[in-house]
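Take a look at the structure below. The text then walks through some of its charged side chains and one loop.

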Amino acid sequence: MEHLQSEEQFQQLTKSDKVIFLFTAGWCPDCRVIEPFLPKIEEKYSSYQFISVDRDQFIDICAEYDIFGIPSFLAFDKGEEIDRFVSKDRKTKEEIESFLTNLFS
């Protein structure tokens, strides 16, 4: 998964087709729980571009988009936020796949 490098890159990526931002942090235990199955999810949903956003490095983006819990997901398509899976709760593989499956259905 590609890691976000700058706020400018974030703004550019939001204008792309089918981008999923994963907000995470190195200290987050719930984020570590989902790491083992993220590559399979990326492979299964290969029509999406997945970008990892470090919550601590990009706290201003988190504040702007009301990301107060991690791990959380924001989906953008062509400049519009199309959906979000944002909470402080641990996410399961099934919940993440359900979120992704329902984005364009």
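The side chains of Glu97 and Lys44 form a salt bridge, with N and O 3.5 Å apart. A salt bridge here is a side-chain nitrogen of Lys or Arg within 4 Å of a carboxyl oxygen of Asp or Glu. Glu97 sits in helix H5 (residues 93-101) and Lys44 in helix H3 (residues 38-44), so the pair ties together parts 53 residues apart in sequence. Helices (H or I, at least four residues) and strands (E, at least two) are DSSP runs, numbered from the N terminus. Glu97 is buried because its relative accessibility is 13%. Lys44 is exposed, at 54%. Buried means under 20% relative accessible area, exposed over 50%, and partly exposed in between (1.4 Å probe, protein chains only).

This is a predicted model: local features need pLDDT of at least 70, side-chain atom pairs count only at pLDDT 80 or more, and totals for chains, interfaces and linings use all residues. Residues are numbered from 1 along each chain as its sequence is written, and side-chain values use heavy atoms, leaving out hydrogens and water.

The whole structure holds 9 salt bridges. One of them joins Glu35 to Arg32, with the closest N and O atoms 2.5 Å apart. Glu35 is partly exposed, at 38%. Arg32 is partly exposed too, at 31%. Arg84 and Glu81 also pair, at 2.6 Å from N to O.

Now turn to the loop between strand E4 (72-77) and strand E5 (80-85), where Gly79 lies. Gly79 is partly exposed, with a relative accessible area of 44%. Leaving aside residues up to four places away in sequence, Gly79 touches Thr14, Lys15 and Ser16; contact means heavy atoms within 4.5 Å.
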